[in-house]
Amino acid sequence: MIQVRNLTKVFNVPKRGVVRAVDHVSFEVRAGEIFGLLGPNGAGKTTTLRILATVLQPTEGTAVLGGYDVVQQPEQVRRQIGFLSGDMGLYHRLTPREILTFFGKLNGFRGAELKQRLSDVLARLGIENIADVKVDKLSTGQRQRVAVARTLVQDPPILILDEPASGLDVPTARVIEEYILEARNAGKCIILSTHVMEEAEYLCDRIAVIHEGRITATGTMAELRAATGKERLREIFLCLLGLESLERKTSRAI
């Protein structure tokens with residue numbers, strides 16, 4: 001469903017010069033799979049996801065989603081994906097129902113079909129009771145649920161999720177995690193970026209760690225454990241970033 005080959009993105013940044021944010025990244029994601037993309041801040045995760053969502057164009061390399069190239073066929077790619085960005089992408093003067101109606105119509109839903117789709121999404125994410133409250137009156141957790149609903153309203157075969165549970169309390173994060181698992185079980189292709197190691201370990205079938213724009217390792221938890229000799233994903237992650245010695249020194253100091 002997702003094929004990425006030698007994806008590269010270079011920026012010319014004032015006072016810094018050429019910055020290679022993504023450097024020949026390659027991976028594949030299958031239907032019915034949750035693929036985790038993990039890395040520290042500035043590693044290239046969000047830039048990679050924005051290229052896959054056709055928000056940015058790559059400098060080099062290719063990415064094909066659902067059979068369509070992100071550069072040559074961006075409109076067809078957008079019909080295949082639901083993209084949850086870090087800034088939520090909500091209109092604060094509208095209500096959740098108005099936002100979902102707008103995006104549903106953009107994706108071709110009309111009449112009874114649109115009404116049923118909205119009803120299903122609102123119910124599944126537990127936001128029926130706030131459906132007619134303006135977004136600027138909602139809590140952070142409620143807004144995040146609305147943002148996830150906006151991503152899912154078109155029922156896309158591919159989901160690109162950038163920090164879907166960021167800043168949420170445990171019950172709200174659990175609702176979103178359950179929906180992600182249901183989507184995987186329904187055969188959707190999901191790429192997930194998160195800083196929460198426990199979330200990634202619980203949800204992801206395979207994980208790639210990206211650092212300084214490059215993929216340092218890709219595999220299942222069993223494969224990553226075998227490669228690093230570490231058990232927990234947090235330890236594996238630090239090992240792949242070359243930071244495990246720093247963690248040991250910090251632990252001894254404490």
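Modeller: One definition before we look around: a residue is buried under 20% relative accessible area, exposed over 50%, and partly exposed in between. Keep in mind that this is a predicted model.

Biologist: Okay, let me try that out. Is Tyr 91 buried, exposed or partly exposed?

Modeller: Tyr 91 has 43% relative accessibility, so it counts as partly exposed. Phe 102 goes in that class as well, because its relative accessible area is 39%. Gln 76, which you'll find in helix 2 (residues 74-80), is partly exposed too, with a value of 28%.

Biologist: And for the chain as a whole, what share of the residues is buried?

Modeller: Buried residues make up 48% of the 254 in the chain. The accessible surface is about 12,600 Å², and carbon and sulfur atoms own 48% of that area.

Biologist: How do I judge the overall form? What is the radius of gyration of the chain?

Modeller: You compare it with a rule for globules. A compact globule of 254 residues would have a radius near 18 Å, and the chain has 19 Å, so the two agree. Along the principal axes, the C-alpha trace spans about 55 × 45 × 40 Å.

Biologist: Which residue of strand 4 is the bridge partner of Arg 5?

Modeller: That's Thr 62. For parallel pairing, go to strand 6 and strand 7 (residues 158-162), which are joined over 4 bridges. There, Ile 81 has Ile 158 in strand 7 as its bridge partner.

Biologist: Which way do the side chains of strand 6 point?

Modeller: The general idea is that side chains in a regular strand alternate between the two faces of the sheet. In strand 6 (residues 81-84), Ile 81 and Phe 83 point one way, Gly 82 and Leu 84 point the other way, and all of them are buried.

Biologist: Now the rings. How many aromatic pairs does the structure hold?

Modeller: It holds 3. What you look at is the distance between ring centres and the angle between planes. Phe 27 and Phe 35 have centres 5.0 Å apart and planes at 20°, so they are stacked. Both Phe 27 and Phe 35 are buried. For Tyr 91 and Phe 102 the centres are 6.3 Å apart and the planes stand at 85°, so this pair is edge-to-face. That pair links distant parts of the chain: Tyr 91 is in the loop between strand 6 and helix 3 (96-106), and Phe 102 is in helix 3, 11 residues apart.

Technical notes:
Residues are numbered from 1 along each chain as its sequence is written. This is a predicted model: local features need pLDDT of at least 70, side-chain atom pairs count only at pLDDT 80 or more; totals for chains, interfaces and linings use all residues. Side-chain values use heavy atoms; hydrogens and water are left out. Buried means under 20% relative accessible area, exposed over 50%, partly exposed in between (1.4 Å probe, protein chains only). Helices (H or I, at least four residues) and strands (E, at least two) are DSSP runs, numbered from the N terminus. Two strands pair if DSSP finds at least two bridges between them. Rings of Phe, Tyr and Trp (its six-membered ring) pair if their centres lie within 6.5 Å; planes under 30 degrees apart count as stacked, over 60 as edge-to-face and the rest as tilted. The radius of gyration is taken over C-alpha atoms; the globule rule is 2.2 Å times the number of residues to the power 0.38. Accessible areas come from the Shrake-Rupley method with a 1.4 Å probe; for residues, only the protein chains shown count as cover.
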